Protein chains: 2
Amino acid sequence: MGRWEDNAVGRLQEAALELYGDPGYDKVTVAEISERAGLTRRTFFRYFSDKREVLFFGAEKLEAFVMEGVLAAPPGTPALEVVATALAAVTRRSDEDPAFADFARRRHALIRTYAELRERELGKLAALAASAAAALQRRGVANPAASLAAETGVAVFKVGFERWVDDPRRRKMGHHLRQAMRGLSALALERATTGGTAVDNQ
Amino acid sequence: MGRWEDNAVGRLQEAALELYGDPGYDKVTVAEISERAGLTRRTFFRYFSDKREVLFFGAEKLEAFVMEGVLAAPPGTPALEVVATALAAVTRRSDEDPAFADFARRRHALIRTYAELRERELGKLAALAASAAAALQRRGVANPAASLAAETGVAVFKVGFERWVDDPRRRKMGHHLRQAMRGLSALALERATTGGTAVDNQ
């Protein structure tokens, strides 16, 4: 691979983000993205199967990272805490690297705009939850507790992430995730303590 | 509309389910589905925009039904209980109508098989959560509590639904949803009471 292909992924992603914003995701070809990045279509397809995948590069790494986090938690840690801690670790890169945070925000604006991207993002989040559930099971957490902790953790992450994207005060992603986790605890306790558990007792 | 178009939606859905199972979702055309149902392509497109939508007919009605359920809960009901109760009402049709339950199970088997269908299903669930959150806000629940209750409720519903699909004992969907809600309460209480809330206190 020649020097002119240095950081090909980053250059293609940046070119794609620019063109997906203007003229628009649906109006841009792989050839145009490659050209803007100063690379060939062939190089594009070495890294991405199609123009959608430019925005989802690294999703498998993220899954593996969360699984490792789940497996690394001290024995006896409550399942929901295990998932919350593993997902909190994900927020660190955005909170320590402003360029990465900026990329994440711009990427999310596109995902909100295009249903096709939104659905792919939801698919990746569902895969992340499935991986976290599998890792919890390897820790000895039975089902449905493992799936519940994983799906709930990812749901809370999603809410915290959206709050982070929309925060005019630009507080850190970790802050919003912690706030969302506290919010879930408050909701669950409220439901448990006010005796309003009609569904459970039917 | 002539008599020969009686129950066109049901006939097209049944024909599609059969053909999506064999020869397969990716191998079948709208013309073949219409022919199997004894209807024309024109009639197909009167109800569905494409072959994917056959499996998601009625999603808007479901959203409206859940919103109504959220708005109808007695004042002062905890937000998570409001969502759980509204989603529990959704299970009734499957639990009272074996043909509908059978349709839901066959449909879900296809959704599991094809990524394209899986992503669309996740998109519909996300829209359902957004509607439930909007309805909670109309009840005066602030954000992020409204989003958290809605997203968590839908996550729990998803787990309960999967358990129902896979249950060899064929217990009712309502049973699995209640069990999943109880499971979430147990996880949240375990996390709150063992002091294992490292994420909240960072």
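Visitor: Let's take Asn7(A): is it buried or exposed, and what is its relative accessible area?

Guide: Asn7(A) is exposed, because its relative accessible area is 57%. Here, buried means under 20% relative accessible area, exposed means over 50%, and partly exposed is in between, using a 1.4 Å probe and protein chains only.

Before we go on, some ground rules. This is a predicted model, where local features need pLDDT of at least 70, side-chain atom pairs count only at pLDDT 80 or more, and totals for chains, interfaces and linings use all residues. Residues are numbered from 1 along each chain as its sequence is written, chains are lettered from A and ligands numbered from 1 in the order in which they are written, and side-chain values use heavy atoms, with hydrogens and water left out.

Back to your residue. Asn7(A) sits in the segment before α1 (8-24) of chain A. Helices like that one are DSSP runs (H or I, at least four residues), strands are runs of E (at least two), and both are numbered from the N terminus. Asn7(A) isn't a glycine, yet its phi is positive, at about 50 degrees. Now hop over to chain B: Asn7(B) is in the segment before α1 there, and its phi is near 50 degrees, again a positive value in a residue other than glycine. Asn7(B) counts as exposed because its relative accessible area is 57%.

How do the two chains relate? Chain A superposes on chain B through a rotation of 180 degrees, with 0.0 Å of shift along the axis and an RMSD of 0.0 Å. That's the relation of a two-fold axis. The same surface serves both copies, as 100% of the contact residues of chain A recur in chain B. The superposition is by least squares on the C-alpha atoms of residues with pLDDT of at least 70 in both copies, and contact means heavy atoms within 4.5 Å.

Leaving aside neighbours within four places in sequence, Ala155(A) is in contact with Glu151(B), Thr152(B) and Ala155(B). Ala155(A) counts as buried, because its relative accessibility is 6%. For a sense of scale, Ala155(A) and Asp166(A) are 11 residues apart in sequence and 17 Å apart in space, C-alpha to C-alpha.

In the loop between α7 (115-138) and α8 of chain A you'll find Pro144(A). A cis peptide bond joins Asn143(A) to Pro144(A), with omega about 5 degrees. Chain B has a cis bond to show you too, from Asp22(B) to Pro23(B), with omega near 15 degrees; Pro23(B) is in helix α1 of chain B.

Now step back to chain A as a whole. Chain A has 10 helices and zero strands, and its C-alpha trace spans about 60 × 35 × 35 Å along the principal axes. Of its 202 residues, 54% count as buried.

Finally, what does the predictor say about confidence? Chain A averages a pLDDT of 93, and 94% of the residues score at least 70. The pLDDT is the predictor's confidence in each residue, from 0 to 100. For the complex, the predictor gives an ipTM of 0.91 and a pTM of 0.92.
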